[in-house]
Amino acid sequence: MRKGLFALAAVGLMATGSMAACGDNSGDSGTDSGSGNAASAGKVGVILPDTKSSARWATADLKYLTEAFKAAGVEADIQNAQGDKTQFQTIADGMITSGVKVLMIVNLDSGTGKAVLDKAKAAGIATIDYDRLTLNGGADYYVSFDNVAVGKLQGEGLVQCLTDLKATKPVVAQLHGSPTDNNATLFKEGYQSVLKPKFDSGEYVQGPEEAVPDWDNAQAGTIFEQQLTSNKAIKGVLAANDGLGNAAIQVLKKNKLNGQVPVTGQDATVQGLQNILAGDQCMTVYKAIKKEADAAAELAIALAKQQAPSTATDTVKDVESGKDVKAVLLDPQSITKANVKDVVADGFVTKEELCTADFAKACTDAGIS
């Protein structure tokens, strides 16, 4: 789907001032750099969603956002709601009361996100949806990846792996992301645009499919075990992210089918990349989170300094309100064993994290040095 045309899901990263300590929820934060710019810039508040749906919120986004705001000398309060909707709203209320000038959120669902965005707008605060669009939320800006394109890469990756295995009429199971995350809807739109024609033609057989509540990996394992039990002919798994993919892989290992049934993923986590190196995962999708965080921070910093942003040149359609939202959209990248080294070269994961003893030889074979 073209960047200016697709609908996206709500996010919540809130930018408020004070690179000071954020308490236990954030786990980390920056401090004021002392730059002269800090005095003239407003505060930025960022609310991250959880640490359960993906490791990225703690290991990548927090780090990169903190560094970007600190480098610009802009105070930012970055907190994590830990999947708790009440906590999400409490954090937002505190940031609004503290006088933030920009609020950036990754929502837990569109209802909670909209309530927070409405309060911020009523207080005259600029708002940014980060990574997920809040449907009918009315955020001023949206920063994310082309999420339909993410799903399309997953579908194409699975097709390529099944082709490499010379699979004949493979039964394909699907583990969709959380039904409350509009991004999951967009990923599904992308990969089903690739898979549905295969199902319709009879080239592939549509197997069991189910959405995984809250992207919960434990539930994903239970769901996939039930899918495999009811249909032992499953020959491919479209898993919407690396966590769900790993859950499926653990079930396949129990049944001595790992490496024989290709599994997709997303997020280029260390675990996902190691599964690829081991031959248990077909592919993942790398979203250069530093680029996303830097783009969001640049936008928030401009708004905090009451400058007209120059980067939000795309638009996305909010499918519930029908309105266009100014956006910054980035391109995702498909990762297989052949180019795992690209993720390391980009600095997203380190060789030390990835190439532990069990994966040392696989890393060497993959050209990771």
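Analyst: **The sheet and its helices**

Happy to! Strand S6, residues 171–176, runs parallel to S7, and five bridges join the two. One place to look is Gln174, whose bridge partner in S7 is Glu209. Please keep in mind that this is a predicted model.

Stepping back, the sheet is open and has three strands in the order S7-S6-S8, with parallel pairing. Its edges are S7 (205–211) and S8 (234–239), each of which pairs on one side only. From one strand to the next, the twist averages 20 degrees. Packed on this sheet is helix H5 (residues 147–164), which touches S6 and S8 and whose direction makes about 160 degrees with that of S8. Helix H7 (residues 217–230) lies across S6, S7 and S8, running at about 160 degrees to S6.

At the start of H5, a side-chain oxygen of Asp146 comes to within 3.4 Å of the backbone nitrogen of Val148. Just after the helix, Lys166 takes a positive phi of about 55 degrees.

Which residues of H5 are buried? They are Asn147, Val148, Val150, Gly151, Leu153, Gln154, Gly155, Gly157, Leu158, Val159, Cys161 and Leu162. The cover over these buried residues includes the sheet strands S6 and S8, along with strand S5 (141–145), helix H6 (182–201), strand S9 (284–286) and strand S12 (333–335).

Note on methods: Residues numbered from 1 in each chain as written. Predicted model: local features only at pLDDT ≥ 70, side-chain atom pairs only at ≥ 80, totals over all residues. Heavy atoms only, no water. Pairing = 2+ DSSP bridges. Helix = DSSP H or I, 4+ residues; strand = E, 2+ residues; numbered from the N terminus. Axes fitted to C-alpha atoms, helices over the stretch in contact; angles between N-to-C directions. Contact = heavy atoms within 4.5 Å. Buried < 20%, exposed > 50% of the residue type's maximum accessible area, 1.4 Å probe, protein only. Polar contact = N/O pair within 3.5 Å; in protein donor to acceptor, adjacent residues only side chain to side chain.
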